[in-house]
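Here is the note you asked for, meant for someone opening this entry without having seen it before. Please have the sequence and the model side by side.

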Amino acid sequence: MPEETLSRAQRAAIVRDSLGVGVATGAYGVSFGAVSVAAGLSVAQTCALSLVMFTGASQFAFVGVLAAGGAPLSGGLTALLLGTRNTLYGLRLAPLLRWRGARRLLASQVLIDESTAMSMTRTTTAAARVGFLATGVAIFVLWNLATLLGAVAGSAIGDPRTYGLDAAVGAAFLALLWPRLTDLRNRVVALAAAAVALGIVPLAPAGVPVLAAAGVALLAGVLTSRPDPTEFPEAR
Amino acid sequence: MTWAAILLAGVGCYLLKLAGLSVPPRVLQRPVAERVADLIPVALLAALVAVQVFALGQDLVLDARAAGLAVAVGLLALRAPFLVVVFGAALVAALLRLLA
């Protein structure tokens, strides 16, 4: 990977694209804040999730399991399982970003879907670092501000069901899943996982059905051999 | 208990990110491990959609949330932005409950 310096114009173009993605994604934080408070978490707990966990699907999953009456432990396990994809992103990006020591420790926190999508297509380390940091830091700042806003507004409005916020959670999960459904095997896995989860709902405590559905991924991964063409989400 | 789960899972999610940037790439480059890891988000998100929309405690129900999901599918097919999808689903569910 050539270590080139970027011209000012190249850097500005990457930053502009990254900030666009950052603003659009950061704004989702409002829906997370509102949904989390609706699930029964306090404003402080909601903000702690966005600051410390900082990976959208895991955060929505954590509050989703709690909203369904699941134990915090089940919510945490589901969040961790969903967080494993960031490890894969890191494995792909490590040779491109080439950070060490304290910089790597800091950069890790903003290793998410969007920062990966905005850096993995770059051909130089310098360009990848600019795309990664501009996207990651913009989303981190805006996501946390938006979370606070949504949580405060959400706790002030009363019963969230009146506003359909319980329906918003399912829609948010589907929107996160949607880009992966262009692939036939992923569709089959998604339908099977949904069926397994619903089949277990009457039999087990909340949280268990979602964890059990991970077994479908295990089975499909062992039984099929084709790599997944939809692995990296497109930047929105 | 909730605080402990938030902090443990939060720190765990950070360590998963750090591990990705720190581990030599060949460790996870066994094809089966890679495929399973790729498919886990698909399975978990699909299960979360199903449980979030059709479960009420330990019962399976069809209520305003299902109408919200149908609207979300339509909006996603039309390539609507994330916020439009999420709040569109909420709006339809809220209106249905208002009418009921």
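Predicted model: local features only at pLDDT ≥ 70, side-chain atom pairs only at ≥ 80, totals over all residues.

1. Chain A has two domains, with domain 1 covering residues 8-164 and domain 2 covering 183-230. Their C-alpha centres are 24 Å apart. Ten residues from domain 1 of chain A and seven residues from domain 2 of chain A make up the contact. On the domain 1 side, helix H5 (residues 72-97) of chain A gives the most, with five residues. By class, that side has five nonpolar, five polar and no charged residues.

2. Between the chains, 88 residues of chain A are in contact with 67 residues of chain B. Several helices of chain A give two or more residues to this side, including H2 (28-38), H9 (165-177) and H11 (208-223). H5(A) gives the most here, with 21 residues. The chain A side divides into 58 nonpolar, 22 polar and eight charged residues.

3. The largest nonpolar core has 114 residues, and the members that touch the most others are B:Ala43, B:Leu44, B:Ala47 and B:Ala89. Helix H2 (residues 31-54) of chain B gives the most to this core, with 15 residues. Domain 1 and domain 2 of chain A both give residues to the core, so it lies between them.

4. Which residues does B:Ala47 touch, leaving aside those up to four places away in sequence? They are A:Ala193, A:Ala194, A:Ala197, A:Pro209, A:Val210 and A:Ala213.

Key. Residues numbered from 1 in each chain as written. Chains lettered and ligands numbered in written order. Core = buried A, V, L, I, M, F, W, Y, C linked by C-beta atoms within 7 Å. Buried ≥ 20, exposed ≤ 12 C-beta atoms within 10 Å, placed from the backbone. Helix = DSSP H or I, 4+ residues; strand = E, 2+ residues; numbered from the N terminus. Domains from an automatic or database assignment. Contact = placed C-beta atoms within 7 Å. Nonpolar A, V, L, I, M, F, W, Y, C, P; charged D, E, K, R; others polar.
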